[in-house]
Each structure stands twice: as C-alpha cells, then as structure tokens.
Amino acid sequence: MHKERVDLPPRSSRYDNEKPSFTRELLSTVLYIAIIVSLFVFIERNFYAPVKVDGDSMEETLSDGDFLLMNRYSEIERFDVIIFPDPLDNNPNEDEEAKLFVKRVIGLPGDRISYEGDQLFLNGEAVTEEYLDYSMDYSFASFSLESLLGYEEVPANHYFVLGDNRNPGKSQDSRVFSFVDGESIVGKVSLRYWPLKEFGRIDGQSKE
C-alpha cells in the first residue's frame, strides 16, 4: 500500500507560533512577583514578622543585632520570650515606629513570684532558670511581687517579665514598669535566624 509523503516545515518554524511573546512573558513574570510579594506581606502582617534585637538586656541568650522571627498568634507560656511596645513611652509618635521590648515571661497570671539572690521561686517552689548564663556573675537583688509591686500574684491577663541580663541597670523590665498587659503583646519569638551560626530556637522557649 502506497503512503503519501507529507512535507513538514522545519522544526523551528513549526514551534515559532507556540512560543509566548516577550510581552506575555514579562506580564507573567510581573504577576508572579506580585503574588509572591503579596503573600509575603500578608504573612508578615498577620502571622510572622522579623524583629531586630537592640541592646544587651537579654545577654547572653540574645545579643545586640540578632534577628528574630516573631509569631503573632502563638500561645504564651512561662519562660517564652515575648515582644511588646515600650510601656514607658507615654507619648508615642504616630509618625514613628514604636520601640519594641524583648523580654522573658517569668510569671503567668495567678503566679506568686519571689527571688532570693539568684534563685527564682514560683508559687513557693524553687525553679531552675536553665537559660541563664551564671558565668556572668549576676548581682540580682532579692524581692517578692508584694515587696516590689504591691501584688501577691500576677493579675489576670498580665505577665511579669525580666531580661536575661540580670545585672543592675542592664534591663528595663517588670521591676521598672510593672506587669505587661496581655493585650499589648505583639507576639512571641519563634526562632533566631541571624547570625546563621546561632540559627534555631531560643533557650527556654516552649514549643509552638
């Protein structure tokens, strides 16, 4: 049986019409970038956000210049590191970005707290703070909630926070500005992502 031969055009010319135009490629690239940027902004505004450590109040756990990833909606537990606006700023300028504090939650609502020297007592029981670097030779004054702030226990929806650098004058925390209102907390630290050699979870943090 004789088969009729069909002459096809060169391969390159056959596929020319199937190639997307430069304009279409450009629009696709722009749309792709816009979707990625929009997704990043949505996540940053609603779930996670980068935070930079400013100061040495959390030494040796966190250092000045460290970059952290903050979770906006994670449940706060004892010894978590949280982010909140400066409670001492009574006249915030709406045109300026609010100063944020990075501190560790020591007391949850209902907790009774006291320190005898460097020893933490929670609800009458001695608790080891494994995240502290005692080689720093702390000089931490003894106190109780009642002697310090006039409360027997942490009020509802409030938190008692301290910096990990316990030496005098190194941390403005609940010893200075009292409790942190739970409504003011921006989020809690999930991990440190810079410097890369320190990448990972923060000592003492609860799991997400």
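Val30 lies in helix H2, which spans residues 22–46. Helices here are DSSP runs (H or I) of at least four residues, strands are DSSP runs (E) of at least two, and both are numbered from the N terminus. This is a predicted model: local features need pLDDT of at least 70, side-chain atom pairs count only at pLDDT 80 or more, and totals for chains, interfaces and linings use all residues. Residues are numbered from 1 along each chain as its sequence is written, and side-chain values use heavy atoms, with hydrogens and water left out.

**Surface patch**

- Phe22, Leu26 and Val30 make a nonpolar surface patch of about 320 Å².
- Patch residues have over 30% relative accessible area and no salt bridge; like charges are joined within 9 Å, and nonpolar side chains (Val, Leu, Ile, Met, Phe, Trp, Tyr) within 5 Å.
- Accessible areas come from the Shrake-Rupley method with a 1.4 Å probe, and for residues only the protein chains shown count as cover.
- Val30 has a relative accessible area of 48%, so Val30 is partly exposed.
- Buried means under 20% relative accessible area, exposed means over 50%, and partly exposed falls in between (1.4 Å probe, protein chains only).

**Salt bridge between Arg192 and Asp66**

- The count comes to eight salt bridges, each a side-chain nitrogen of Lys or Arg within 4 Å of a carboxyl oxygen of Asp or Glu.
- One of them pairs Arg192 with Asp66, and their closest N and O atoms are 2.8 Å apart.
- Arg192 lies in strand E11 (residues 187–194) and Asp66 in the loop between strand E1 (48–52) and strand E2 (67–71), so the pair ties together parts 126 residues apart in sequence.
- Arg192 is buried at 9% relative accessibility.
- Asp66 is buried too, at 5%.

**Salt bridge between Arg78 and Asp111**

- Arg78 and Asp111 meet through their side chains in a salt bridge of 2.6 Å, N to O.
- Arg78 sits in the loop between E2 and strand E3 (81–85), and Asp111 in the loop between strand E4 (100–107) and strand E5 (113–116), so this pair ties together parts 33 residues apart in sequence.
- Arg78 is partly exposed at 26% relative accessibility, whereas Asp111 is buried at 5%.

- Glu198 counts as partly exposed, with 36% relative accessibility.
- Salt bridges with shared partners join Asp66, Arg192 and Glu198 into one network.
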